[in-house]
Amino acid sequence: MDPFEAFKAVQREGWAYFAPLEMVTIPTAGQLVVFAGIRAGQRVADLACGTGVVAVTAARLGAKVTGLDLTPELLTRARLNASIAEVDIDFHEGDVEKLPFADAAFDVVVSQFGHMFAPRPDVALAEMLRVLKPGGTLAFSTWPPELFTGSMFTMVSRYLGPPAGPAPAPAPLWGDPNVVRERLGTAVRDIVFKRADMNVATMSPQHHRQLTERTAGPVRQLVASFAANDPAKLAAFRREYDDLASQYIEQNIMRQGYLMTRSTKI
């Protein structure tokens with residue numbers, strides 16, 4: 001019995017509404033594919049692939065791409081995106097902590113803002129490395145804890161309080177290079193970090209918050225719970241969110257800084 005089964009069920013349902021955000025993750029998908037050095041003919045796994053923006057980008061270069069995500073609604077969108085782009089991608093519903101792939105099946109394993117939400121980093125990373133061939137490339141994009149998105153998810157966790165069951169690892173820690181180095185340990189070599197920005201058009205902090213409330217799994221969970229049980233706490237969360245967001249918005253652009261990590265499996 002997976003001790004995080006209930007947590008994953010909430011994640012699966014909550015992220016089902018993410019699709020509208022794919023437009024802002026398309027440019028960062030291109031950056032991750034270039035950063036990972038993906039080439040035609042390589043076997044690539046895009047894990048926690050969402051609507052397939054990284055998978056489609058890699059497939060258009062001629063890579064042989066497999067995508068996996070926990071949420072069936074996002075895979076439906078990913079298959080549509082692949083069809084529109086006229087590329088062949090093998091999509092699977094599944095859990096990054098229990099990958100349905102053989103050892104050393106891929107030349108490159110990537111994840112864009114996805115694997116970081118797995119509750120056990122050690123389990124997810126072990127699986128990612130297991131399916132990667134020796135000498136293969138592991139590359140991912142994550143949210144640093146000190147910037148907007150990492151700070152926002154930390155705030156959400158604070159408002160939600162401790163879970164009823166075991167506590168998942170904080171997702172923003174995947175954006176701390178020191179933590180990433182420690183987690184990768186001696187399993188890889190040649191670790192490279194690169195910072196970049198996701199630029200999101202928005203008319204106000206409130207516009208950005210409303211979009212996040214509709215699309216981001218943990219935020220949807222928080223809003224649904226507080227709207228029914230604690231409207232005052234929901235109002236406090238919204239004020240704090242708007243104040244945080246306002247610090248990153250200039251000329252109708254929110255700059256969401258993120259971290260890319262690349263390494264080679266030993």
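The legends below describe close-up views of a predicted model.

In this predicted model, local features need pLDDT of at least 70 and side-chain atom pairs count only at pLDDT 80 or more, whereas totals for chains, interfaces and linings use all residues. Residues are numbered from 1 along each chain as its sequence is written, and side-chain values use heavy atoms, with hydrogens and water left out.

**View 1**
Helix H2 spans residues 22-36, where helices (H or I, at least four residues) and strands (E, at least two) are DSSP runs numbered from the N terminus. Its 15 residues reach 20 Å from the first C-alpha to the last, close to the expected 21 Å, the expected span being 1.5 Å times one less than the number of residues. A kink of about 25° is centred on Thr28, the bend at a residue being the angle between axes fitted to the seven residues ending there and the seven starting there. The buried residues of H2 are Glu22, Thr25, Thr28, Ala29, Leu32, Val33, Phe35 and Ala36; buried means under 20% relative accessible area, exposed over 50%, and partly exposed in between, with a 1.4 Å probe and protein chains only. An α-helix has 3.6 residues a turn, so residues three or four places apart point the same way. The cover over the buried residues of H2 includes helices H3 (53-60) and H4 (72-85), together with strands E4 (106-112), E5 (132-142), E6 (188-201) and E8 (253-265). Just after H2, Gly37 takes a positive phi of about 70°.

**View 1. Thr28 within helix H2.**
Thr28 lies in helix H2 and has a relative accessible area of 1%, so it counts as buried. Leaving aside neighbours within four places in sequence, Thr28 is in contact with Gln112, Phe113, Met198 and Tyr258, contact meaning heavy atoms within 4.5 Å.

**View 2. Strand E8 and its partners.**
Strand E8 is mostly covered, with 10 of its 13 residues buried. Two strands are taken to pair if DSSP finds at least two bridges between them. E8 pairs in the antiparallel sense with E6 over 12 bridges, and Val200 has Met254 in E8 as its bridge partner. The pairing of E5 with E8 is also antiparallel, over six bridges, and here Ala139 stands opposite Arg262. Strand E7 (residues 249-250) joins E8 through two antiparallel bridges, with Ile249 opposite Met254. E7 and E8 form a hairpin with two residues between them, and Gln251 in the turn has a positive phi of about 55°.

**View 3. Strands E1 and E2.**
Strand E1 (residues 43-47) is mostly covered, four of its five residues being buried. E1 runs parallel to strand E2 (residues 64-69), and five bridges join the two; in this pairing Arg43 stands opposite Lys64 in E2.

**View 4. Met116 in its loop.**
Met116 is found in the loop between E4 and helix H5 (121-130), and its relative accessible area of 1% makes it buried. Not counting residues up to four places away in sequence, Met116 touches Thr142, Trp143, Ala171, Pro172 and Trp174. Met116 and Trp143 are 27 residues apart in sequence, and their C-alpha atoms are 8.6 Å apart in space.

The structure holds one cavity of 30 Å³ or more. On a 1 Å grid over the protein atoms alone, a cavity is a set of points where a 1.4 Å probe fits but cannot get out, a pocket is an open set with protein on both sides within 12 Å along at least five of seven lines, and lining residues have an atom within 4 Å of a point. Grid points are joined across faces, edges and corners, and a volume is the space filled by probe spheres set on the points. About 730 Å³ of space lies in the largest cavity, and of the 44 residues that line it, Trp15, Phe18, Phe113, Gly114 and Phe117 are the closest to its centre. H1, H2, H3, E2, H6, E6 and helix H8 (205-215) each supply at least two residues of this lining.

**View 5. The largest pocket.**
The largest pocket has a volume of about 710 Å³, and of its 29 lining residues the closest to the centre are Phe7, Ser157, Leu160, Pro163 and Pro168. Helices H1 (5-14), H6 (148-160) and H9 (217-229) each supply at least two residues of the lining, and H6 gives the most, with five residues.
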